[in-house]
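Here is a colleague's note for someone opening this model for the first time. Please keep the structure in view while reading the points.

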Amino acid sequence: MQPTNQVRDLRQRRHTLLVALALAGFGVVVVGLLVLQVVRQEHYAALSKENWVRLEVLRAPRGAIFDRHGELLADSAPSFSIVFRPFPAESAQRAREVRSTDWLARVSTLVQLDSAEVRSRVRFANRSGQSAVLRRDAPFAVLAAIEESRGELAGIEVQVEPLRHYPNGTLAAHLLGYAGEIGAEELEKRADRGYRPGDLIGRTGVERTYEDLLRGSDGAEYVVVNAMGRRVAQPREVPSRVDPEAGHDLVLTLDLRVQRALEEVLAGVARGAAVALDPRDGGILGLVSRPAFDPNEFSHGLSRARWRVLSEGGANPLLDRAIQGLYPPGSTFKLVSMTAALRGGVAVPQTRLAPCPGGMNYGGRWFACWEKRGHGSLDLVGALQHSCDVFFYQLGLRLGLPRLEQAARDYGLGAPTGVDLPQERGGLVPGAAYYDRRWGAGRWRSGLLLNLAIGQGELLLTPLQLALLTAEVAHDGRPLRPHLVQRVVGRPEFRPPRPAQPGVQLPAASWDAVHQAMELVVTAGTAGAARVPGLRVAGKTGTAQNPHGQDHALFVCYAPAEDPVIALAFVVENSGHGGSVAAPMAGQVLRRLFLPDSLQRPWPRAAAADSARRAARDSAEAPRGD
Amino acid sequence: MATRWRLRLPPLDLPLAVAALGLTAIGLLVVFSATSVPGAHHGLWTRQLVWAACALAAAWIVAGIHYRVYDALAWPLYGVSLLLLVLVLVMGSSAMGARRWLDLGPLRFQPSEIAKIATVLALARWFDNPRRDLRRFLHWLPPLLFTLAPFALVAKEPDLGTSLSFPAILVAMYFWAGMPAGQLLLGLTPVFAAGAYLLMRSQPGGQWFVLPVVAAIITLWAVARPRLHAVLVVVLLNVAVCTVLPRVVDHLSVYQLRRIETFLDPQGDRYGAGYQVIQSQIAIGSGGVFGKGYLKGTQKALAFLPMRHTDFIFSVVGEELGLGGALTVVLLYALLVLRGWRLALVARSGFASLLAAGLVTALFYQVLVNMLMTIGWAPVTGLPLPLISYGGTALIVNGIQIGLLQNVALRRQES
């Protein structure tokens, strides 16, 4: 189509405008070129000849980690690294020097690094224009040697850098985690968050969960250095210095005294875990996994062989068994069965079922009680006290799978608790859907209920979930969310998240029966070894059958029974009975915490006036009134 | 009798051809210099030579086919290019935190480059219709949507520099298709408002960013006198941007914010980009009027100048060939752009005229942003310099662009 005259006129005018736009655009470029190449030519020529602008990264110190009383758990201490700095443009002679084999040999012996490795790092530095770390946290002897031969070794400098330090070594290693140098893959993934090669990044534990808060942000500064690599002046026309912003400090719910006590009683354990929770708010007071590792090792950089030992060795010290180890809960699960039965109206505390002759026949199979001689006739409270399997077999059959599963889920079992630690596992609480999937719809029988009711069968829980269950039972089934960070310095709005599960509601009288039964377990039942003079302890033992070897010993408890301030869970792999192996450990920990000895004050008990359990009951009853 | 032996060239636009060939030749010279430093990637130059030959062939073929064919194929081409952009997000290969390339066996290319041409074709086809009245909502909205799609897909990669060439093309083609200037500027005010806000939010007193926007609207209203309801819509849009955007930004988490900042400054942190810009400025500035001589650049030699053979190739020109060399390059580009706009003016077919205008705008935008970046007057956005920077797809796509322009030149008398 031919453009009309009107359109042609319009285009003529607009064409003039476009030409003007093009001339203006290219005009700006020409002005820019004139400014750089004519007006300021001498300045830039000088920069390119003698001086060279270098970017210095000012590393932000990583936030420190404290326990609830302000005891230091992790901080960053200054350390000395040996770095290579690339050369200014025109010092070709010095660049040649660096490529010489003599230089390479001397440097690699000094920093005790393979010469091929030194060569590749130097090459990278030259290409990127940024300095390369040859040796992190160099010992004094190496620093002294570098200082001595400083004039002769072109480009080698000592630089102060923050190094992650864990003053307590292996103590609380799993919950703190460790921070290591960022890898190439992660660097690519987090490129948009300003990570640089050589940056530290939290890999496990709190260091990882709170990486974003702990990290802070690096600052940067341009400096002009001369051909010797010395700082000359602050250039005027470069962006001004950006100060580093330190990471946030974290205050944990952890109590170092509880942690120490747990660490001590587990000192001789080859594999196992222990968790202490504050049943009033779900704060983790202590968390131990065995075997342990020393996070400081990672700060210095780990040899490949050592890494293999830590990550692949049979015992796998890096595995946090407290949140990643899955164990059959054994008889500790009878707490769930009992409260589910009370809630479902299947039984009352005084209910008596058929007496225990040492086992029972069901579906043509013999289901044994752990007590071969039998328990005789027991009521519900007595059955928990003596951990009578036969009573709970019958209870399980009356209860049915859905109600049992629902109770476990209402406590938050069978799914990750949402604790602020990475890679937590959720365990397994099987329900009808699970069995349908595994055996086919309807192709499984209620016999498996017998095993579930006593905590065997497919059930799998983490030690943290055991502690959670105990803490919730201690305070009348109120749901809790286990958490480690209490406070973030500089972030007053930080709050630990709320629990996702509803908890288990029972009349106060039913809870009293549960608590009474658990106290009887310690005073006159299977856990006499957990008794502490002058302290009312309530607990439950468990022995988890292990098809691969000796049984795992389990014990959960809370204290003081009248107003619980601590809930404990112990799992000791391949060691025997809960009552004889795990319960004494709990007794030892509680004695350390609550009994006065010559060295330290007893752990504070809550004053009767601010009894958390009473407060919870009051608030629970208030809405019922209207 | 001498006339019998005169070489009979087709009616190509000779200045345009000379400018394009000259820039490509300079590009080959400078890429050779930039890749000839010890330890650099060998063999890149020979590869670039092959690409240049391919680009020339592509230009030849594209110019030979009548533009009516492209007119007819505009929509299918546009659809295919969108599909490629989606593919690149799903299965593209990434580098430096962005997915921009598609791997096709030995070939590796950026669909965003192809999408630019396809979008120009689609827009030219849409606007080339005597019944179009760009004052009417249903006539100007569809092209906006056609452009937003590739824009959003390329921005998602993320490739801010390239993605912004889509709106640049759209605005130029609205303008060339005859949209009243006042309406065009009014329509752009919410974009100015958002841009002004993002630029000024970190500065103290940044909330006053609304003032210039308000002033612009009032002035435009007074000058252009558009219909009242159009003004109301624009004012509402501005108010929406000014009230919603700060709230949205305030509610974003630290990391979402950092993502946006990264988007605005794609090299991640301004120190990473700042380093390149300073090195580039030193290289150009130290070149002076006469330059350090071909192959004698020092900034480039020790590899202090990053991306010297791709995005920052212009600083090698400035360092080695000096002001003279740099001005020659600028003049050749100016010649290219002015001839292109002249073609848009003289072409008698509406489609051809719009096609030329869109293609030249894309080139102009890219040249300007890249050059301003190397002299430190524009943010680092990772756009190569057309016809000069090292890179296979880019060069072939540039060849196709030039070929399409010559196509219009060859048939400028047809209507």
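**Notes on the two chains**

1. Chain B has an accessible surface of about 18,400 Å², and carbon and sulfur atoms hold 71% of it. Chain A exposes about 26,900 Å², with 53% from carbon and sulfur atoms. Accessible areas come from the Shrake-Rupley method with a 1.4 Å probe; for residues, only the protein chains shown count as cover.

2. A word on the basis. This is a predicted model, in which local features need pLDDT of at least 70, side-chain atom pairs count only at pLDDT 80 or more, and totals for chains, interfaces and linings use all residues. Residues are numbered from 1 along each chain as its sequence is written, chains are lettered from A and ligands numbered from 1 in the order in which they are written, and side-chain values use heavy atoms, with hydrogens and water left out.

3. Chain A has 24 helices and 18 strands. Chain B has 14 helices and three strands. Both kinds of element are DSSP runs numbered from the N terminus (helices: H or I, at least four residues; strands: E, at least two).

4. Of the 626 residues in chain A, 53% are buried. In chain B, 53% of the 415 residues are buried. Buried means under 20% relative accessible area, exposed over 50%, and partly exposed in between (1.4 Å probe, protein chains only).

5. For chain B, 73% of contacts between residues at least 6 apart join residues at least 24 apart.

6. Look inside next. There are three cavities of 30 Å³ or more. A cavity is a set of points, on a 1 Å grid over the protein atoms alone, where a 1.4 Å probe fits but cannot get out; lining residues have an atom within 4 Å of a point. Volume here is the space filled by probe spheres set on the points, which are joined across faces, edges and corners.

7. What lines the largest cavity? It has 16 lining residues, with R59(A), A60(A), P162(A), D199(A) and L200(A) nearest its centre. Strand β5 of chain A (residues 156-165) gives the largest share, four residues. By type, the lining has four nonpolar, four polar and eight charged residues. Nonpolar covers Ala, Val, Leu, Ile, Met, Phe, Trp, Tyr, Cys and Pro; charged covers Asp, Glu, Lys and Arg; polar covers the others, Gly among them.

8. Is α21(A) largely enclosed or open? It is largely enclosed by the rest of the structure, because 12 of its 12 residues are buried. Just after α21(A), D476(A) has a positive phi of about 60°. R478(A) sits in the loop between α21 (463-474) and β15 (485-488) of chain A. R478(A) is partly exposed, at 31% relative accessible area.

9. Check the backbone. Most residues other than glycine have a negative phi, and most peptide bonds are trans. The bond joining R290(A) and P291(A) is cis, with omega about -5°. A559(A) to P560(A) is also cis, with omega near -15°.

10. L387(B) is not a glycine, yet has a positive phi of about 70°. L387(B) lies in the loop between α13 (350-374) and α14 (392-410) of chain B. At 5% relative accessibility, L387(B) is buried.

Note on methods. On a 1 Å grid over the protein atoms alone, a cavity is a set of points where a 1.4 Å probe fits but cannot get out, and a pocket is an open set with protein on both sides within 12 Å along at least five of seven lines; lining residues have an atom within 4 Å of a point. Contact means heavy atoms within 4.5 Å.
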